[in-house]
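Here is a short report on one protein model. Look at the fold first, then follow the text from one contact to the next.

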Amino acid sequence: MEKEQDFFANLPKETGGLVFIAAGLLQFIGAYRRWKWMLDMTGERSAHPLGFLTLMQDLFGEDGVRIGIMIMGLILILCGVVLMAVAE
């Protein structure tokens, strides 16, 4: 039997970093443009004391959630840049 070739083995090393950067940009732009599907907090609220977005919403309202999502997007972008730098 012939072994199948792994699809991910053929991808360049920088692909992981690009995925993180794209996800971070999507989050940042979604929060900036107030996309409803990005900001909708109608689900079950977390009672976890470290729930970042819940804390931001309690302290600052909807704008706090937007800022929190923007911060998380910037963290994702930064992680992607680091991954790309390490992959070289």
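Asp 63 and Arg 66 both lie in helix 4, three residues apart, or about one turn of the helix. An α-helix has 3.6 residues a turn, so residues three or four places apart point the same way. Asp 63 and Arg 66 form a salt bridge, with their closest N and O atoms 3.6 Å apart. Bear in mind that this is a predicted model.

Because they share partners, Arg 34, Asp 63 and Arg 66 are joined into one network.

## The overall fold

Now step back. The protein chain has four helices and zero strands. From the N terminus on, its elements run α-α-α-α. The chain has 88 residues, and 24% of them count as buried. Take the contacts between residues at least 6 apart in sequence: 59% of these join residues at least 24 apart.

## Helix 1

Helix 1 has 18 residues, which at 1.5 Å a residue should span 26 Å. Its end C-alpha atoms are 26 Å apart, so the two values agree. Its buried residues are Gly 17, Ile 21, Gly 24, Gln 27, Gly 30 and Ala 31. These pack against helix 2 and helix 4. Arg 34 follows helix 1, and its phi is positive, near 60°.

Which residues does Gln 27 touch? Leaving out residues up to four places away in sequence, Gln 27 touches Met 38, Ile 69, Met 72, Gly 73 and Leu 76. Gln 27 itself lies in helix 1. A polar atom of its side chain lies 3.5 Å from the backbone nitrogen of Gly 73.

## Helix 4

Helix 4 has 26 residues. It reaches 38 Å from its first C-alpha to its last, close to the 38 Å expected at 1.5 Å a residue. Its buried residues are Gly 64, Val 65, Arg 66, Gly 68, Ile 69, Met 70, Gly 73, Ile 77, Gly 80 and Ala 87. What covers them includes helix 1, helix 2 and helix 3 (52-60).

Cys 79 also has its place in helix 4. At 36% relative accessibility, it counts as partly exposed. Cys 79 and Phe 20 are 59 residues apart in sequence, yet their C-alpha atoms are 6.9 Å apart in space.

## The nonpolar core

In soluble globular proteins, nonpolar side chains tend to be buried together. Which residues make up the largest nonpolar core here? There are six: Ala 31, Met 38, Leu 39, Val 65, Ile 69 and Met 70. Helix 2 and helix 4 each supply at least two residues of this core. Helix 4 gives the most, with three residues.

Look closely at Leu 39. Not counting residues up to four places away in sequence, Leu 39 touches Ala 31, Arg 34, Glu 62, Val 65, Arg 66 and Ile 69. Among these, Ala 31, Val 65 and Ile 69 belong to the core as well. Arg 34 and Arg 66 belong to the salt-bridge network.

## One aromatic pair

A search of the whole structure finds one aromatic pair. The rings of Trp 35 and Trp 37 have their centres 5.8 Å apart and their planes at 20°, so the pair is stacked.

Technical notes
Residues are numbered from 1 along each chain as its sequence is written. This is a predicted model: local features need pLDDT of at least 70, side-chain atom pairs count only at pLDDT 80 or more; totals for chains, interfaces and linings use all residues. Side-chain values use heavy atoms; hydrogens and water are left out. A salt bridge is a side-chain nitrogen of Lys or Arg within 4 Å of a carboxyl oxygen of Asp or Glu. The expected span of a helix is 1.5 Å times one less than its number of residues. Buried means under 20% relative accessible area, exposed over 50%, partly exposed in between (1.4 Å probe, protein chains only). Contact means heavy atoms within 4.5 Å. A polar contact is a pair of N or O atoms within 3.5 Å; within protein, one must be able to donate a hydrogen and the other to accept it, and residues adjacent in sequence count only if both atoms are side-chain atoms. Rings of Phe, Tyr and Trp (its six-membered ring) pair if their centres lie within 6.5 Å; planes under 30 degrees apart count as stacked, over 60 as edge-to-face and the rest as tilted. A nonpolar core is a set of buried Ala, Val, Leu, Ile, Met, Phe, Trp, Tyr and Cys residues joined through side-chain atoms within 4.5 Å.
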